[in-house]
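Have the sequence and the 3D view ready.

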Amino acid sequence: MRDILAPESGRWRAFTSVFADVVEGAGYEFVIPPLMEDLGVFTRIGEATDVVTKEMYDFFDKGDRHVALRPEQTASVCRAFVQHRPLVPWKAWYSGPNFRYEKPQRGRFRQFDQVGIEVLGVDDPYLDVEVIALGWEFYRRLGLRQVELRINSLGEPEDRARYVDALQAHFAAAGDDLSDQSRDTLTKNPLRVLDSKRAVDAPFVASAPTIDQFWSDGAAAHFDTVQSGLRALEIPFVLDMKLVRGLDYYRHTTFEYAGGTLDSAQNALGGGGRYDGLVEDLGGPATPGIGFALGVDRTLLACDDEGVFPAPDRSVDVFVVDTAGGAAALAITAELRAAGISTDRSYENRSMKAQMKGANRSGATVAVIVGTDELDAGIVTVKPLRTGGQQASIARADLLTDLRSRLQEATS
Ligand code: HAM
C-alpha cells in the first residue's frame, strides 16, 4: 500500500477524468459502491479463485459480521443492482481502490485502483463490442500505443463445464510430470492450469484441448458477431484460446488489454468479460452482465514506459509576495482567487529574498510584489517569473486586468 503524492497524484486525477469523459460520453452513470461488503458478496466471485480463497482482507466487525474489503467491484455493482433494481440497461462506471493480499512487486500492490464499467440487462453481442471498444478508446486517449487486445469466449456454462472436464482428463493424464503447483491447481480449478508459466508444464499446456471445440452453436455465433463488430470498428485483436481470466463468473466473451512493456506476469492492464449468472447468484433475477476493470497503477506504469500521459502542470498562476506585514497579500490573494485566478502566497512575513524563492519554487507565471513603499503609493509590482520579461509597477486598481492579459499571453 502506497502514498501517492504530487505530481503523480495529479496524474491519477487526470486519469479518472479522461476515463469519465470516455464512458459518460457513452451513457454510463457514475456509481460509488462501499469499500467493504458482507463477505458473501465476494465469495460469489468463485470459491475456487485465489482472489476469494487466499487474497481477501476479511474480518469480523464489532457486530460480529463477517465482512471484507472489496477485492474488485463487479460483485458490488451486481449487489447494488439487486438491491436498488435500476431500469435496464443499467450502464454504470466506477473508480476506486480494491484490496488483495497478493505478493507485492512491480505492478502488483495490495491496495490498487481500478476504473471500470458494467452493463446489466443486455445480451446483445454488439454490447460486448461497445464495452471492449470503450476500453480501447481510453488507452488511445492516454496515448498508449503498445496495448494488445486479447479476446476469447468461454461459451455457455455447459460448454465451459464440458471443457473443464476435458482439461481435467488431459492434465490428469500427465500425472507426476505436471508441476506440484499445477497438480494442486488442477484439483481446484482446471482452467487455471492453462495460466502456468512453468517450463515442465509447457508441453501439457500447449497440447491441451481448446475451448472452441466445446462452443455450442449459440456461443460460436455470439463470438463471431463480437469479432466482426471489432473488425468493423478497426480495432485490432488477437484470439487467445487460453485466456480464461482469474475470476470464476465469466461466460461467453472474455478479454484482456495487455501492455507491451511490463513483465508478462503483470502485463494485464485491464480485463473483463460477460458474467451472465452473477446477478442471479446474488439473489436477483436472471440478468446478463458484462464489463471490464482497468488497473490504474499498472496502466500508469505502462504510460511511464511508453513516455506518454505525463503529470499535468498544477502550478498556480500567481504568487503574492508581501513584505509590508501580510494584510495586502491576504486581500489580493482573496480577490484573485475569487476572480478565478489560481493564487498562492507566502506567510510569516519573511524576507523579500525568502519570499521570492518561494515564488520561484511555486512554478507561478507571475509574482505580485507589495512592499511598504508600494502600499503607500497605491501600486503593486508585477514580475514575470517564467518568461524573464521586465517587471512593471501598476496601479493597484488595475491589477486584475493586467494579470488577466499577462496570463492569457502566457498560455497562448
Ligand atoms: P481483474 O483481472 O482481476 O478483473 O482485474 C482487472 C485489472 O486490475 C487487472 O488487469 C490489473 O490491471 C488490475 N489489478 C488486479 N490486481 C491487481 C494488483 N494486485 N495490483 C495492481 N493491479 C491489479 C476484475 O477485477 C474484474 N472485476 C473485471 C471485470 C469487470 N469483469 C467484468 N467486469
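This is a predicted model: local features need pLDDT of at least 70, side-chain atom pairs count only at pLDDT 80 or more; totals for chains, interfaces and linings use all residues.

**A patch on the surface**

You can find leucine 35 in the loop between β1 (29–30) and β2 (36–38). Together with Met36 and Phe59, Leu35 forms a nonpolar patch on the surface. The accessible area of these three residues together is about 250 Å².

**Empty spaces**

Rolling a probe the size of a water molecule over the atoms shows where empty space is left. How many cavities of 30 Å³ or more does a search of the whole structure find? The search finds 1. The largest cavity holds about 30 Å³ of space. Its lining is made of Arg160, Asn189, Leu191, Arg192, Val244, Arg245, Gly246, Leu247 and Asp248. Sorted by class, that lining has 4 charged, 3 nonpolar and 2 polar residues.

Now turn to the second largest pocket, which contains about 220 Å³ of space. Its lining has 19 residues, and those nearest the centre of the pocket are Arg160, Asp248, Tyr249, Tyr250 and Arg251. Two or more lining residues come from each of the elements α6 (157–174), α8 (190–193) and α11 (278–281). Which element gives the largest share of this lining? It is α6, with 4 residues. By class, the lining of the second largest pocket divides into 10 nonpolar, 7 charged and 2 polar residues.

**Charged pairs**

Side chains of opposite charge can pair when their charged atoms come close. In this model the count comes to 25 salt bridges.

| Aspartate 297 | Arginine 2 | 2.3 Å |

Let's begin with aspartate 297, which forms a salt bridge with arginine 2. This pair links distant parts of the chain: aspartate 297 is in helix α12 (residues 296–306), while arginine 2 is in the segment before α1 (8–24), 295 residues apart. Aspartate 297 has a relative accessible area of 6%, so it is buried. Arginine 2 has a relative accessible area of 39%, so it is partly exposed.

Where do aspartate 402 and arginine 406 lie? Both are in helix α16 (residues 399–411), 4 residues apart, which is about one turn of the helix. Aspartate 402 counts as buried because its relative accessibility is 19%, and buried means under 20%.

Lysine 54 is exposed, with a relative accessible area of 53%.

Charged residues can also be joined in a group. In this model Glu8, Arg11 and Asp304 are linked in a network of salt bridges.

Methods
Residues are numbered from 1 along each chain as its sequence is written. Side-chain values use heavy atoms; hydrogens and water are left out. On a 1 Å grid over the protein atoms alone, a cavity is a set of points where a 1.4 Å probe fits but cannot get out, and a pocket is an open set with protein on both sides within 12 Å along at least five of seven lines; lining residues have an atom within 4 Å of a point. Grid points are joined across faces, edges and corners, and a volume is the space filled by probe spheres set on the points. Ala, Val, Leu, Ile, Met, Phe, Trp, Tyr, Cys and Pro count as nonpolar, Asp, Glu, Lys and Arg as charged, and the others, Gly among them, as polar. Patches are made of residues with over 30% relative accessible area and no salt bridge: like charges are joined within 9 Å, nonpolar side chains (Val, Leu, Ile, Met, Phe, Trp, Tyr) within 5 Å. Accessible areas come from the Shrake-Rupley method with a 1.4 Å probe; for residues, only the protein chains shown count as cover. A salt bridge is a side-chain nitrogen of Lys or Arg within 4 Å of a carboxyl oxygen of Asp or Glu. Buried means under 20% relative accessible area, exposed over 50%, partly exposed in between (1.4 Å probe, protein chains only).
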